[in-house]
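This report describes a protein chain through its helices, its nonpolar core, its aromatic pairs and selected residues. The sequence and the structure are shown first.

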Amino acid sequence: MRTLLAAMAADSCTDGAFSAEVEAEFLKYRSPLVSRYASKEMAYNFSDKKKFSTWRKLWIYLAKGEQALGLPITDEQIQEMEANVEKIDFKLAAEEEKRLRHDVMAHVHTFTHCCPKAASIIHLGATSCYVGDNTDLIVLRDGFSILLPKLARVIRRLADFAEKYAELPTLGFTHYQPAQLTTVGKRACLWLQDLCMDMRNLQRARDELRFRGVKGTTGTQASFLQLFEGNHEKVEELDRMVTEMAGFKQTYLVTGQTYSRKVDIDSLSVLSSLGATVHKICTDIRLLANLKEIEEPFEKDQIGSSAMPYKRNPMRSERCCSLARHLMTLVMDPLQTAAVQWFERTLDDSANRRISLAEAFLTADIVLSTLQNVCEGLVVYPKVIERHIRHELPFMATENIIMAMVKTGGNRQDCHEKIRVLSQQAAAVVKQEGGDNDLISRIKADPYFSPILPQLDALLDPTTFTGRAPQQVTKFLLLEVRPLLAPYEDKMNVKVDLEL
């Protein structure tokens, strides 16, 4: 999107019209995940350049390992390959794929075109999944490594928010009906707890990824055993060497032609779970925005509605919810793919995986960047919150009032009946007349309650209704949140500037 916009700007500055190349971009579908939202690093992670340059690196790792273990491969051949890793002729590759109907062989031919000396040893002993599946595993690993610092920054921003408002009382809601008070910070900790679970899940999913390695056409390593004339130790050493060069510590010891597609389920499951968390958080923010208690950031020139200029719509939170729903559904793709893989492999996984894996990581990237922007600028309106508490607190305080009366010698049942009658009268004023809750005024006017009138203000102090919420916030942030963020401290100062 940024490159396209730059090209458009250059065109418009010259003759006021767009070039045919730029205009052609608007004549075909462009995924908004990349053209509108995604970060540069995640878009590159799933780019053709990353994919096919990784294929070439994998062919180099294979050649180096085979050379080290005695196959007749020269330094000159390897150096030629290394010099051409990034020099990919995409036009030639497309022509070759159209001719051969095979993407891997098209890129083998394209690579050999610029590496004539190494042509005879490129892809030696390998199958298509050597480059295809191993590249996917590298991309998944790198995708998680892009997401984890972003999730850490969201957690840090929200933790700072929770700490700041740890003691600010607010109405709790169950069934979206007013319930016992909590604090603004404690509610944020409920969001944080889910995000911390997601953090641990993403870390585990990344750290448990293994490399497919060099396994051959059906996973038996038969072609490599033949290359090394039956030497099992050399085959195992080649697998280990290539795995290490690719930055992995372990391989999957058994595979079919592909690594198990349950690995994709595991990766997308944790991302879908993250989507559920983000959806819940942003739904809460949207509901609180309706109550005018909390708002997401709203820029100086931002327009909330084309028809209603006064509106301040929670559009970032709405975007998060919209994309999170998409993210949550994507786990169904690897579930179905893994279920229908026949024996050692069928190719009906390929087209589906090209879409679902990339979209899951791109969508997760977008929702985290947007949520970070929201958390950095959350606005709290304490006076609105206080007004809502005053409206509901008299009803919530009735049990405290009853206990105070009993302590002065009153009868619990008599007091309960008095409170019940006065509460019904006050509720009628609120519901039928649209007035304010006047229960406390009615209690003050009733001589029966004169023994506790000096205590009423203390009995109605909102901070006495929040229990241990402030202490829970402090303990939770100290023991669970801060340790989780420690590995990412050097990446905390990155701010998000949303273009759209």
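## Cysteines

A disulfide is a pair of cysteine sulfur atoms within 2.5 Å. In general terms, it is a covalent bond between the sulfur atoms of two cysteines. A search of the whole structure by this criterion finds zero disulfides. C282 is in no disulfide, and the nearest cysteine sulfur, that of C320, is 3.9 Å away.

Buried denotes a relative accessible area under 20%, exposed one over 50%, and partly exposed the range in between (1.4 Å probe, protein chains only). C282 has 0% relative accessibility and therefore counts as buried. C129 is likewise buried, at a relative accessible area of 4%.

## Basis of the model

The model is predicted: local features need pLDDT of at least 70, side-chain atom pairs count only at pLDDT 80 or more, and totals for chains, interfaces and linings use all residues. Residues are numbered from 1 along each chain as its sequence is written, and side-chain values use heavy atoms, with hydrogens and water left out.

Helices (H or I, at least four residues) and strands (E, at least two) are DSSP runs, numbered from the N terminus. The expected span of a helix is 1.5 Å times one less than its number of residues. Helix α9 comprises 37 residues, 128–164, and its first and last C-alpha atoms are 54 Å apart, close to the expected 54 Å. Because 30 of its 37 residues are buried, α9 is largely enclosed by the rest of the structure.

Helix α5 comprises 21 residues, 48–68, and reaches 30 Å from its first C-alpha to its last, close to the 30 Å expected. Just after α5, G70 adopts a positive phi of about 110°.

## The largest nonpolar core

A nonpolar core is a set of buried Ala, Val, Leu, Ile, Met, Phe, Trp, Tyr and Cys residues joined through side-chain atoms within 4.5 Å. The largest such core has 130 residues, of which W59, M81, Y130 and L271 touch the most other members. Helix α9 supplies the largest share of this core, 17 residues.

Contact means heavy atoms within 4.5 Å. Neighbours within four places in sequence aside, L271 is in contact with F144, L147, L202, L327, A360, F361 and A364. S272 belongs to helix α13 (residues 262–291) and is buried, with a relative accessible area of 8%. With neighbours within four places in sequence again left aside, S272 is in contact with L327, M328 and V331.

## Aromatic pairs

Rings of Phe, Tyr and Trp (its six-membered ring) pair if their centres lie within 6.5 Å; planes under 30 degrees apart count as stacked, over 60 as edge-to-face and the rest as tilted. This rule gives a count of 11 aromatic pairs. The ring centres of F52 and W55 are 4.8 Å apart and the planes stand at 85°, so this pair is edge-to-face. Both residues lie in helix α5, where, being three residues apart, F52 and W55 are separated by about one helical turn. F52 is buried at 10% relative accessibility, and W55 is buried at 2%.

F52 also forms a tilted pair with F90, at 6.3 Å centre to centre and 55° between the planes. This pair links distant parts of the chain, with F52 in helix α5 and F90 in helix α7 (residues 90–100), 38 residues apart. F90 is partly exposed, with a relative accessible area of 34%. One aromatic cluster is formed by F52, W55, W59, F90 and F111.

## Loop residues

Most residues other than glycine have a negative phi. K292 is not a glycine, yet has a positive phi of about 65°; K292 is found in the loop between α13 and β3 (294–295) and is exposed at 53% relative accessibility. F343, also not a glycine, has a positive phi of about 50°. F343 is found in the loop between α15 and α16 and is exposed, with a relative accessible area of 82%.

T346 lies in the loop between α15 (332–339) and α16 (350–376) and is buried, with a relative accessible area of 13%. A polar contact is a pair of N or O atoms within 3.5 Å; within protein, one must be able to donate a hydrogen and the other to accept it, and residues adjacent in sequence count only if both atoms are side-chain atoms. The side chain of T346 makes such contacts with the side chains of Q341, at 3.2 Å, and D348, at 2.8 Å. Beyond its neighbours within four places in sequence, T346 is in contact with V340 and Q341.
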